[in-house]
Amino acid sequence: MSLIKGIAKGILSHFPYRYVNVGKEFYDWLNKFESMKGMTVDVIREHQFNSFVNMVKLAYEETDFYRKLYDDHGFHPSQLKDFSDIQRIPVINKAMVKESGLDILVSKYDPKRLSIGSTSGSTGSSLTIYANKKIDQREWAATCYLWSSVGYRPGDGRVELRGFFPGGEEYTMDHYHRVLRINVSQLTSNNLPKILQLIHDSGYEFIHGYPSSISLFSKLVLENNVVEQYTPRAILLASESLYGYQIDIIRKAFPNAKLHAHYGQSEKTVVAGWNGDSTAYNFLPLYGYVEFDKDTNAIIGTSFINDVMPLIRYELNDIASPVIPSPDEIAYLFPTIQSIDGRVGEIMYKPNGDMVSSALVAIAVRGTKTVTACKLIQHEYNEIEMLVESFQSEDEVMEELKLVMERLHSIFTESMLFTIRIVDHISRGASGKFKSVEVRIGREGDIA
């Protein structure tokens, strides 16, 4: 950031949030989402289908990628008469989008004038994502709308435990965005009192971050017996798979805080979140259209907010549990699923070379009470190292892990050799994200 821009943001941070941080696009979409509460499901589905048709027409008429793809498959947007016709459209995936290059961008946009982001690369391949300020405003409107179920309002300050700190600082304060960012990699029992005082002085009532980072923060709070020193209004969980043991430790550390789990992606295709006291994920139907692969239950999404780089029937690889009825009080958010268990692309192996989805591994470690984080590192086809982060005694942890090991052996067979290491802390990546599965077969020398 330039010096002049930094000074300007410092001055603007003293103005009301709505006049400097967000614009008309944000409020137009926030109002659109709010209006669903007064609509019937049939009316919402009509709006949803119209948005789908408009996105398909835009993609066909304004991108080389979709025009060729649809022509090759004998599909034309005029064939879309109702939801059943969506099945005529071919499903795309990350590899296809990556190969398309700039041909997937809407022709009126100059790539040099667009913002560039990327997916995390957790499936082994990062994807470049193009957007602009309008798309960012729409995305933020959706996030604020979902967070409103636990009392968040645009402009409320939040404590953020996520992200990369290139300078290694313990924290940074961003007054312009109302965010106090804590460097989780630098968080210890020694500086915990200082961090808690900073949070108290900020007056911010919401914690936002990766489940692995917030569970580590929770662990320190419990270890140091400071549960009562900070009582957040709500905890906003995002960007990683969420496990039962993480929920358990967070609730112990912050017993009076509401929890909200958010599901989204860098691709911005579909979005979902918990609502109220429910721990089911409710999708936002005017943000995007969600489908589930009939064989794998992988999520397939169509974005309504990204009209720069359309993603239509895009396979995300995140695995959903079966659809359940949406609660009556929030029937305008649909479909509803109980959990999102992992990624198809995160693959481990049995000793005989058969592949195992990490979603099964995630299920195996559910329900533990003594574990704050768990990571499986596969060194060989028949050898897995299991790192267990806990602040409980080794006897307590090993006793609880007996059931986990039974589940893991049932998945990987009795021939798999497991080595368990109980540690105080499992390192997070440079971005602050936690990777629960790492396969090093054939590339041990490449990894420090």
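Trainee: Which residue is the bridge partner of Ile377 in S22?

Mentor: Please keep in mind that this is a predicted model. Strand S19 covers residues 373-380, and S19 pairs with strand S22, residues 437-439, in the parallel sense over 3 bridges. Within S22, Ile377 has as its bridge partner Glu438.

Trainee: Which residue of S20 is the bridge partner of Leu376?

Mentor: S19 and strand S20, residues 383-389, run antiparallel and are joined by 7 bridges. The two strands form a hairpin, with 2 residues between them. In S20, the residue bridged to Leu376 is Met386.

Trainee: Why is S19 described as largely enclosed by the rest of the structure?

Mentor: A residue counts as buried when its relative accessible area is under 20%. Strand S19 has 8 residues, and it is largely enclosed because the number of them that are buried is 7.

Trainee: What share of the residues of the protein counts as buried?

Mentor: The protein contains 12 helices and 22 strands. Its accessible surface comes to about 20700 Å², of which 50% belongs to carbon and sulfur atoms. Of its 448 residues, the share that counts as buried is 52%.

Trainee: Which strands are the edge strands of the open sheet of 10 strands?

Mentor: The order in this sheet is S4-S5-S3-S6-S7-S8-S9-S10-S15-S14, and the pairing is mixed. An edge strand here pairs on one side only, and this holds for strand S4 (171-174) and strand S14 (323-324).

Trainee: Which residue in S8 is the bridge partner of Ile235?

Mentor: Strand S7 comprises residues 234-238 and strand S8 residues 258-263. They pair in the parallel sense over 5 bridges. The partner of Ile235 in S8 is Leu259.

Trainee: At what angle to S5 does helix H8 run?

Mentor: Helix H8, residues 192-202, lies across strand S3 (158-161), S4 and strand S5 (179-182). Relative to S5, the helix runs at about 170°.

Trainee: Is Asn183 buried or exposed?

Mentor: Asn183 lies in the loop between S5 and H8. Its relative accessible area is 6%. The cut-off for this class is under 20%, so Asn183 is buried.

Trainee: How far is the backbone oxygen of Glu169 from a polar atom of the side chain of Asn183?

Mentor: Not counting residues up to four places away in sequence, Asn183 touches Phe165, Gly168, Glu169, Glu170 and Tyr171. For Glu169, the distance from its backbone oxygen to a polar atom of the Asn183 side chain is 2.8 Å.

Technical notes
Residues numbered from 1 in each chain as written. Predicted model: local features only at pLDDT ≥ 70, side-chain atom pairs only at ≥ 80, totals over all residues. Heavy atoms only, no water. Buried < 20%, exposed > 50% of the residue type's maximum accessible area, 1.4 Å probe, protein only. Helix = DSSP H or I, 4+ residues; strand = E, 2+ residues; numbered from the N terminus. Pairing = 2+ DSSP bridges. Areas by Shrake-Rupley, 256 points an atom, 1.4 Å probe, with all protein chains shown as cover. Contact = heavy atoms within 4.5 Å. Axes fitted to C-alpha atoms, helices over the stretch in contact; angles between N-to-C directions. Polar contact = N/O pair within 3.5 Å; in protein donor to acceptor, adjacent residues only side chain to side chain.
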